[in-house]
Amino acid sequence: MENSEFGYLEFDQVSFSWPKGANVIDQCSFSIVKPGLWMLVGENGSGKSTLFRLINGLIRPKSGKIFCSLRPSMVYQNPDHQLLMPTCKSELMLSAPKSIPYRNLFDLIQASLDKVDLGEMLDRPIHTLSGGQKQRLAIAGAIVSNSNLLLLDEPTALLDPKSQNSVLKVVKKLTSSSANPITAIWVTHRLEELYFCDGAAIFKNGGISNWNSGSKVFQELKSLALR
Ligand SMILES: Nc1ncnc2c1ncn2[C@@H]1O[C@H](COP(=O)(O)OP(=O)(O)O)[C@@H](O)[C@H]1O
Ligand SMILES: [Mg+2]
């Protein structure tokens, strides 16, 4: 895996439990070895957000191993819990690595806004943005911070269809760009989104099923719901 042309993420028999609880993540093994948009679906409370915390290093496995050469960033359901500053520019200045020379900072910020289709929004107050624009700004923050693994935890749950589409389109573009594609793991309850992914899996009983096509997972979930 270390020789992979791209970055990699691998879980090897990872288990985790919150204090006094049973295993939320239970002997979970999976890997992602190339960039793309990878979607996860699973019931509420099944452990998807806990999985993201493990990937992000906020919590550690009780047993098993995580190998990750990618630099993760979280994008939460509610961007208002994530965005801290008054304007797009100041928000992205906060996200930029401190090592960036000041003379390069604004080019970097502008380029990241361009990448999420917010090129005109440099000085725009954040409170005037739509929900979808806020989510794309959160994604620009991840890009500015030099992250190459987006962990999107139900990023469209609070959005109207137009905003939902704009976020999906941007993440699709970032994960399939020919120059420097990144990896995104996207948790969703909105099953129609599965048609945009490069692979999908069901999170259940503390683990992840094999990666399948989005349409196959969509069909599988529909048939379960009809039973
Ligand atoms: N910080 C926490 N402390 C204790 N228990 C938690 C914490 N976060 C989540 N849990 C528990 O872990 C389980 C999985 O939660 P979560 O990972 O948020 O699921 P999902 O994101 O799939 O809805 C739930 O039973 C939840 O109550
Ligand atoms: Mg969750």
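This is a predicted model: local features need pLDDT of at least 70, side-chain atom pairs count only at pLDDT 80 or more; totals for chains, interfaces and linings use all residues.
1. Glycine 141, for its part, stands 25 residues from serine 166 in sequence, and the two C-alpha atoms are 17 Å apart in space.

2. One of those contacts, aspartate 117, deserves a point of its own. Aspartate 117 sits in the loop that runs between α3 (102-115) and α4 (131-144), and its phi is near 60°, which is a positive value in a residue other than glycine.

3. The next matter is how the chain is divided. Domain 1 is made of two stretches, 1-71 + 149-227, while domain 2 covers 81-147. The centres of domain 1 and domain 2, taken over C-alpha atoms, are separated by 24 Å. To the contact between them domain 1 brings 14 residues and domain 2 brings twelve residues. On the side of domain 1 that touches domain 2, the elements giving two or more residues are β6 (149-153) and α5 (161-176), and it is α5 that gives the most, with eight residues. Sorted by class, that side of domain 1 has nine nonpolar, three polar and two charged residues.

4. One sheet to trace in the structure is an open sheet of six strands, whose order is β5-β6-β7-β3-β8-β9 and whose pairing is mixed. Why is one side of β5 and of β9 left without a neighbour in the sheet? The reason is that β5 (72-75) and β9 (207-208) stand at the edges, so that each has a single partner strand. Within this sheet, β6 and strand β7 (residues 183-187) pair in the parallel sense over five bridges, and leucine 151 has isoleucine 185 in β7 as its bridge partner. Helix α1 packs on the sheet, where it touches β3 (36-41), β5, β6, β7 and β8 (199-204), and the direction of α1 makes about 155° with that of β6.

5. The residues surrounding ligand 1 are Trp18, Val24, Gly42, Asn44, Gly45, Ser46, Gly47, Lys48, Ser49 and Thr50. Which element gives the most to this shell? It is helix α1 (residues 48-56), with three residues. By class, the shell around ligand 1 has two nonpolar, seven polar and one charged residues.

6. Another sheet is open and has three strands in the order β2-β1-β4, with antiparallel pairing. Here β2 (23-32) and β4 stand at the edges, each with a single partner strand, so one side of each has no neighbour in the sheet. On average, and with direction ignored, neighbouring strands of this sheet are turned by 20° against each other. The antiparallel pairing of β1 and β2 runs over six bridges, and in it glutamate 10 has serine 31 of β2 as its bridge partner. Strand β1 (residues 9-17) is joined to β4 by five bridges, and these two strands run antiparallel; serine 15, for example, has serine 63 in β4 as its bridge partner.

7. A last point concerns strand β4 itself. How many of the six residues of strand β4 (residues 63-68) are buried? The number is zero, and therefore β4 lies largely in the open.

Definitions and conventions
Residues are numbered from 1 along each chain as its sequence is written. Chains are lettered from A and ligands numbered from 1 in the order in which they are written. A residue is buried if 20 or more other C-beta atoms lie within 10 Å of its own, exposed if 12 or fewer, and partly exposed in between; C-beta atoms are placed from the backbone. Helices (H or I, at least four residues) and strands (E, at least two) are DSSP runs, numbered from the N terminus. Two strands pair if DSSP finds at least two bridges between them. Axes are lines fitted to C-alpha atoms, for helices over the stretch in contact, and angles run from 0 to 180 degrees between N-to-C directions. A residue is near a molecule or strand if its C-beta atom, placed from the backbone, lies within 6 Å of it. Ala, Val, Leu, Ile, Met, Phe, Trp, Tyr, Cys and Pro count as nonpolar, Asp, Glu, Lys and Arg as charged, and the others, Gly among them, as polar. Domain bounds come from an automatic or database domain assignment. Two residues are in contact if their C-beta atoms, placed from the backbone, lie within 7 Å.
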